[in-house]
Amino acid sequence: MTYFPEEVVEHIFSFLPAQRDRNAVSLVCKVWYEVERLSRRHVFVGNCYAVRPDRVVLRFPNVRALSVKGKPHFADFNLVPPDWGGYAGPWIEAAARGCVGLEELRMKRMVVSDESLELLAKSFPRFRALILVSCEGFSTDGLAAIASHCKLLRELDLQENEVDDRGPRWLSCFPDSCTSLASLNFACIKGEVNAGALERLVARSPNLRSLRLNRSVSVDTLSKILMRTPNLEDLGTGNLTEDFQTESYQRLTVALEKCKMLKSLSGFWDASPLCVPCIYPVCAQLTGLNLSYAPTLESSDLTKMISHCVKLQRLWVLDCIADKGLQVVASTCKDLQELRVFPSEFYIAGYSPVTEEGLVAISAGCPKLSSLLYFCHQMTNAALITIAKNCPNFTRFRLCILEPGKPDAMTNQPLDEGFGAIVRECEGLRRLSISGLLTDKVFMHIGRHAKQLEMLSIAFAGDSDAGMMHVMEGCKNLRKLEIRDSPFGDAALLGNVAKYETMRSLWMSSCTVTEKGCQVLASKMPMLNVEVINEVDESSEMDESHGGLPKVHKLYVYRTIAGPRDDAPDFVKIL
Amino acid sequence: MSTSSNESPAVSGLDYDDTALTLALPGSSPNDRKPAVGWPPVRAYRRNALREEGACKLVKVAVDGAPYLRKVDLAAHGGYEALLRALYGMFAPCLAVVRGDGELGCRLLDAGTGAEYVPTYEDRDGDWMLVGDVPWKMFVESCKRIRLMKTSESASLAPSPSSQR
């Protein structure tokens with residue numbers, strides 16, 4: 001291969017889009033390293049602190065699409081204190097210096113400022129796509145900068161971000177010359193937008209395929225927009241709570257009927273049951289449906305809608321659907337691949353109208369199911385064993401029993417055997433979240449069978465260090481391990497230190513790890529950052545000594561070639 | 001899964017224990033230690049979206065003779081009349097609404113028989129009261145759930161604070 005001209009080598013590499021493959025070929029020899037790095041178009045950085053931004057930009061100056069992730073996953077549940085880190089600024093600044101050909105930026109769980117967005121908007125003349133997921137720190141002023149300056153903008157996708165709303169001006173900042181929009185998602189913007197500006201923007205965007213509106217957009221505006229976008233494939237509705245404005249709803253139905261390409265529907269913010277029938281015309285063509293923000297839709301409303309959705313592959317719904325509603329899903333949606341059932345109430349003592357029966361019905365009716373997130377108030381081993389047999393194709397299985405440590409609802413036993421069946425039958429399982437009453441046995445099963453497992457989430461589970469050690473020994477492909485409120489201590493932490501170098505990260509909070517144990521880890525493994533996060537206002541029970549040593553509240557360990565980070569706040573100690 | 005019901009009223013299979021909103025914590029009795037942070041594991045964005053700005057107050061509504069419960073957001077309505085009209089909208093096939101006098105501004109009737117429904121609610125102390133007896137804001141604060149009762153049953157309610165009715 002070294003006798004081929006570089007252009008040929010580069011051409012061959014163009015058939016290897018996957019980052020893993022490109023990383024592999026770059027290790028073969030210096031020539032290949034050079035060819036690969038100069039032709040790399042997509043770079044994915046799973047942990048923004050694993051490598052310095054300057055180094056990425058230096059190595060891959062011609063990158064077109066950059067994807068960076070910041071805070072650990074448990075930050076979603078308020079377990080990571082604010083100001084912990086994950087700043088987008090250094091990444092955008094480095095890219096502005098070193099790869100001006102950047103076209104696409106994707107960021108998840110990062111802190112992005114308006115200044116950074118403005119820098120982004122002005123630094124990359126070919127910039128086309130900005131996707132921000134679960135980010136914070138910016139306002140609609142930052143969006144105004146993007147709208148104003150990114151002449152070729154094709155995609156602006158804001159998913160579940162905390163955005164400071166400074167008024168509707170930003171949407172009007174798209175110049176009249178901007179006609180390239182294909183995807184616009186501003187569902188997470190809290191305030192009003194200018195309906196006229198929105199309608200005009202849509203009217204001059206012939207390539208628009210995906211549009212997700214926010215709550216403020218009225219049925220009237222929605223129906224006007226839809227008349228202009230017959231090629232729309234993905235729609236997030238606005239406000240559907242108006243009472244009895246039957247003419248608006250009729251207009252909406254007429255407009256929806258024209259959208260023959262519509263495959264995916266979401267939004268339904270606090271949707272009224274009265275609006276549901278207007279969606280019926282498109283139900284039969286839908287492959288994706290997200291009803292998880294409609295707490296006032298009862299089981300009967302949901303099932304009426306879903307009974308038309310024969311092609312559905314992805315369904316997100318609230319537990320109001322109840323077991324009987326899930327039975328309708330099971331008998332209707334034979335192509336279902338992904339199901340998420342979210343809790344509608346968080347404060348009632350572990351009660352949900354959804355139980356193991358609903359999930360068993362789904363598993364029996366939907367053999368293609370591969371991705372599950374299921375909140376329920378009880379589960380049994382028998383049900384899990386049945387589910388595992390019915391659906392051996394699970395790649396993602398996340399079960400959350402609302403009451404921590406709750407046993408099998410029929411036998412009062414731990415749920416070890418049930419989850420054991422899942423990991424045994426589902427050989428392709430890559431992601432698993434477990435809950436309910438669980439002993440070290442479940443970890444024995446996981447370590448023995450979950451060979452493809454990449455991410456494991458544990459809460460209120462296990463009896464001893466042995467539990468965690470089973471996982472660390474057995475799960476060869478483990479990349480992310482996150483644990484809370486489980487009795488794993490220093491022995492477990494230090495049982496297999498070399499493994500952390502093969503993983504992206506480890507999170508442990510409210511476990512029994514001590515600072516001494518963390519020190520030992522840090523000194524044995526210099527290529528890891530061992531972050532101890534102690535907050536001043538934690539309840540005093542956590543300060544109790546364990547074997548005479550202070551316990552660590554929160555521990556975040558990750559491999560890195562960047563060394564200790566210099567933007568850590570006071571409450572983070574990097575050992 | 002069965003829910004316990006110690007004294008279910010003699011009405012169409014609706015289990016009123018089901019509609020009781022309690023602030024009990026996962027697996028423990030009320031007045032226990034505070035719930036675990038970040039549990040259940042639902043993204044902050046989703047939690048906030050379901051509760052809406054300006055604190056939404058969802059309460060369950062049962063209608064005697066109707067086979068399903070609905071939820072209504074008390075915070076989304078300005079007063080009693082708006083609330084009753086919203087309830088009418090939710091149970092539309094079973095209900096009719098007519099103008100009325102008094103606090104409520106209108107009355108809800110059975111669409112078939114014309115019999116009147118008396119709107120009642122359970123307050124924080126567990127007492128069943130007539131809707132409309134207290135100022136609207138006080139009602140929104142203290143209401144835990146609503147029941148549209150057939151007039152024959154309403155005689156057994158706690159006496160209302162006002163002298164009328």
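## A tour of chains A and B

Start by selecting Val45(A) and Val68(A): in β2(A), Val68(A) is the bridge partner of Val45(A). Helices (H or I, at least four residues) and strands (E, at least two) are DSSP runs, numbered from the N terminus. The model is predicted: local features need pLDDT of at least 70, side-chain atom pairs count only at pLDDT 80 or more, and totals for chains, interfaces and linings use all residues. Residues are numbered from 1 along each chain as its sequence is written, chains are lettered from A and ligands numbered from 1 in the order in which they are written, and side-chain values use heavy atoms, with hydrogens and water left out.

Now show the side chains of β1(A). Val43(A) and Val45(A) are on the covered face, His42(A) and Phe44(A) on the uncovered one.

**Residues 4-45**

Next select residues 4-45 of chain A, where UniProt places "domain: F-box" in an unreviewed entry; such annotations may be inferred rather than shown by experiment. The span is 60% helix and 10% strand, and its end C-alpha atoms lie 31 Å apart.

Within it, pick Phe4(A), Val8(A) and Ile12(A), a nonpolar surface patch with about 230 Å² of accessible area together. Patch residues have over 30% relative accessible area and no salt bridge; like charges are joined within 9 Å, nonpolar side chains (Val, Leu, Ile, Met, Phe, Trp, Tyr) within 5 Å. Areas come from the Shrake-Rupley method with a 1.4 Å probe, and for residues only the protein chains shown count as cover. Ile12(A) belongs to helix α1 (residues 6-13) of chain A and is partly exposed, at 33% relative accessibility. The classes are buried (under 20% relative accessible area), exposed (over 50%) and partly exposed in between.

**Salt bridges**

A salt bridge puts a side-chain nitrogen of Lys or Arg within 4 Å of a carboxyl oxygen of Asp or Glu. Over all chains the count is 35.

- Arg37(A) and Glu34(A): the closest N and O atoms are 3.0 Å apart. Both residues lie in helix α3 (residues 30-39) of chain A, three residues apart, about one turn of the helix. Arg37(A) is buried at 17%, while Glu34(A) is partly exposed at 34%.
- Asp54(A) and Arg97(A): the closest N and O atoms are again 3.0 Å apart. The pair links helix α4 to helix α5 (residues 89-98) of chain A, 43 residues apart.
- Asp220(A) and Arg251(A): here the closest N and O atoms are 2.5 Å apart. Asp220(A) is in helix α9 (residues 219-228) and Arg251(A) in helix α10 (residues 246-257) of chain A, so the pair ties together parts 31 residues apart in sequence.
- Asp114(A), Asp141(A), Asp164(A), Arg166(A) and Arg169(A): select these together to see a network of salt bridges.

**Last stops**

Go to Ala147(A), in helix α7 (residues 140-149) of chain A; Ala147(A) is buried, at 1% relative accessible area. Finally, switch to chain B, with four helices and seven strands. Of its 165 residues, 44% are buried.

Key
Buried means under 20% relative accessible area, exposed over 50%, partly exposed in between (1.4 Å probe, protein chains only). Two strands pair if DSSP finds at least two bridges between them.
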